[in-house]
Amino acid sequence: MRRQLAGKRALLTGATGGIGRALAAALAQAGVRLMLTGRRQEVLAELARQLQAQGAQVEYQTADLTQPAQRQELVEQTVRCLGGLDLLINNAGIGSWGHFDTSTPEILRTIMEVNFFAPVELTRLAMPHLMQGEQPAVVNITSMCGRRGMPAWSEYSASKSALVGISEAWRGEFVRFQVDVITIVPGLTDSGLDQHLLRKDGRAEIRFDRGMKPEYLARRIVQAIAQNRREVVIGREARQLLFFQRWFPRLTDWLIGRKIRALYRSPSQPPVASASGGTP
């Protein structure tokens, strides 16, 4: 089934970030009617004005998605403004770059609240409206870390892995409601995520600036929604990692372990970070 995007009603979370902004623009260009949400009022308002000036129908509302009352109000406002809901795109996320042995329970809980519980509970609230929608779908933006957990991204990997897992379960469950579930698995992206990391003390050099541009990723996501893909791995790095993980798992473990041992051989070696940001 090919999904006709023009006229669809979509709720997009994390719209103020690099991927979210690019995705909002790509969806608007495809004729999707949008409700944008994020935590920065001024950024949301300016993005909405830019897209409206290009002829798109765009509404916005700030929300902290970890708060049940704000999730409820967001869904209700979306249905009031758009007249229903056809697409829920769970894009909002947060990360932490540092090893588990020096992390805290608070960091783990924060990441799980934002990256897993928030989209899950938002989906729960949206489902009654999606079930009445036209060619409805839930689109979960995960990460290659959700398919292969990576050192120094342990909490992030756990949250994205959980989102991948529940997406697979939903795909089987939601078929009886004719609601599709599309899982996006991006690789390294120059999206600015590092500006909001809870920690930045990992030692590996991560060149986010060499990652995919958000505009490219957004185009691929819109294409996946239109083609009604089940799961799409996007980015050469992600495809290579997951290929090795599937066919050579012990070798993959050994190579990653060797890299970590080398990085931490000298206790005095300082963390190395890239100047540009992105999504691992």
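The model is predicted, so to speak of local features needs pLDDT of at least 70, side-chain atom pairs count only at pLDDT 80 or more, and totals for chains, interfaces and linings use all residues. Residues are numbered from 1 along each chain as its sequence is written, and side-chain values use heavy atoms, with hydrogens and water left out.

I placed S167 in helix 5, taking helices (H or I, at least four residues) and strands (E, at least two) as DSSP runs numbered from the N terminus. S167 is buried, at 0% relative accessible area, where buried means under 20%, exposed over 50% and partly exposed in between, with a 1.4 Å probe and protein chains only. Leaving aside residues up to four places away in sequence, I found that S167 touches N140, V181 and T183, contact being heavy atoms within 4.5 Å.

I then turned to backbone angles, since most residues other than glycine have a negative phi. A152, not a glycine, has a positive phi of about 75°; A152 lies in the loop between strand 5 (137-141) and helix 5 (154-174), and is buried at 7% relative accessibility. Q178, also not a glycine, has a positive phi of about 60°; I located Q178 in the loop between helix 5 and strand 6 (180-186), where Q178 is exposed, with a relative accessible area of 66%.
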